[in-house]
Amino acid sequence: WYMDSDGDGYGDDQLSLASCYQPAGYVSNSSDCDDQDVAIHPNADEACDGVDNDCDALVDDSSSIDAVVWYLDADEDGYGVNTTTMIACYEGTGWSDNTDDCDDGDDTIHPAGVEVCNGLDDDCDGVIDDSVSNIPTWYEDVDGDGYGDAASTVVDCVAPAGYVDNGDDCDDGNSDVHPAATEICDGIDNDC
């Protein structure tokens, strides 16, 4: 017979006695791992509390009644994806409590990401290159000399065909006139 000090129906294998009849305070099993706490025994629910509540030699394992589902956060940006999950009491490195990431391979792309002109949905709102604060201005280059007309512009993340990143041309109708042209004696401002 095994001493059951806490009265939970499970005994302590360290405190036993042999008898033909069951003595008071004793039980026939020795499976209690903490005979001083009535809440700890083999039939108890495991909880996330740093204690082996169910005497299975595992502390706070995935069978804990208050264990949480964690989502893979491969890029460790604080946002996970629902492709891989883990049930555990504690988060751990590389796991998150949400599935809000739209690119788990890039730690700059997540719901709190800053949208920039790069052809990507940096803030995971489903729209590419929206709400960009520094959208570049492009200048039309009609004569194709690499210098644009400051009066003809487009604001966009990507340069449209026929546009360049500067507005330095002083005559966009003449490809021989631009800031890098050689000035010659012809009555024209060739180099702007």
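Biologist: Is Ser131 buried or exposed?

Modeller: The model is predicted, with local features requiring pLDDT of at least 70, side-chain atom pairs counting only at pLDDT 80 or more, and totals for chains, interfaces and linings using all residues. Residues are numbered from 1 along each chain as its sequence is written, and side-chain values use heavy atoms, with hydrogens and water left out. Buried means under 20% relative accessible area, exposed over 50%, and partly exposed in between (1.4 Å probe, protein chains only). Because its relative accessibility is 65%, Ser131 counts as exposed.

Biologist: How far is Ser131 from Asp35, C-alpha to C-alpha?

Modeller: Ser131 belongs to the loop between S6 and S7, where strands (E, at least two residues) and helices (H or I, at least four) are DSSP runs numbered from the N terminus. Along the chain, Ser131 and Asp35 are 96 residues apart. The separation of their C-alpha atoms is 62 Å.

Biologist: What is the relative accessible area of Glu76?

Modeller: Glu76 sits in the loop between S4 and S5. Its phi is near 55°, a positive value in a residue other than glycine. Glu76 is classed as exposed because its relative accessible area is 52%.

Biologist: Which residue is the bridge partner of Val69 in S5?

Modeller: An open sheet of three strands has the order S5-S4-S6, with antiparallel pairing; two strands pair if DSSP finds at least two bridges between them. Its edge strands, S5 (81-88) and S6 (95-96), each pair on one side only. S4 and S5 run antiparallel and are joined by five bridges. Within S5, the bridge partner of Val69 is Ile87.

Biologist: How far apart in space are Leu58 and Val68?

Modeller: Leu58 is placed in the loop between S3 and strand S4 (68-72). It is partly exposed because its relative accessible area is 46%. Leu58 and Val68 are ten residues apart in sequence, and their C-alpha to C-alpha distance is 17 Å.

Biologist: Which residue in S3 is the bridge partner of Met3?

Modeller: The open sheet here has three strands in the order S2-S1-S3, paired in the antiparallel sense. Its edge strands are S2 (12-16) and S3 (26-27), each pairing on one side only. Strand S1 (residues 2-3) is joined to S3 by two bridges, and the two run antiparallel. In S3, the bridge partner of Met3 is Tyr26.

Biologist: Which residue in S9 stands opposite Tyr139?

Modeller: S7 (residues 137-140) pairs with S8 (residues 149-155) in the antiparallel sense over four bridges, and the partner of Tyr139 in S8 is Thr153. S7 also pairs antiparallel with S9 (residues 163-164), over two bridges. In S9, the residue opposite Tyr139 is Val164.

Biologist: What is the relative accessible area of Glu183?

Modeller: Glu183 lies in the segment after S9. Together with Asp186, Asp189 and Asp191, Glu183 gathers in a patch of negative charge on the surface. Such patches are made of residues with over 30% relative accessible area and no salt bridge, like charges being joined within 9 Å and nonpolar side chains (Val, Leu, Ile, Met, Phe, Trp, Tyr) within 5 Å; a salt bridge is a side-chain nitrogen of Lys or Arg within 4 Å of a carboxyl oxygen of Asp or Glu. Glu183 is partly exposed because its relative accessible area is 38%.

Conventions. Areas by Shrake-Rupley, 256 points an atom, 1.4 Å probe, with all protein chains shown as cover. Lys, Arg positive; Asp, Glu negative; His and termini not counted. Charge placed at Lys NZ, Arg CZ, Asp CG, Glu CD.
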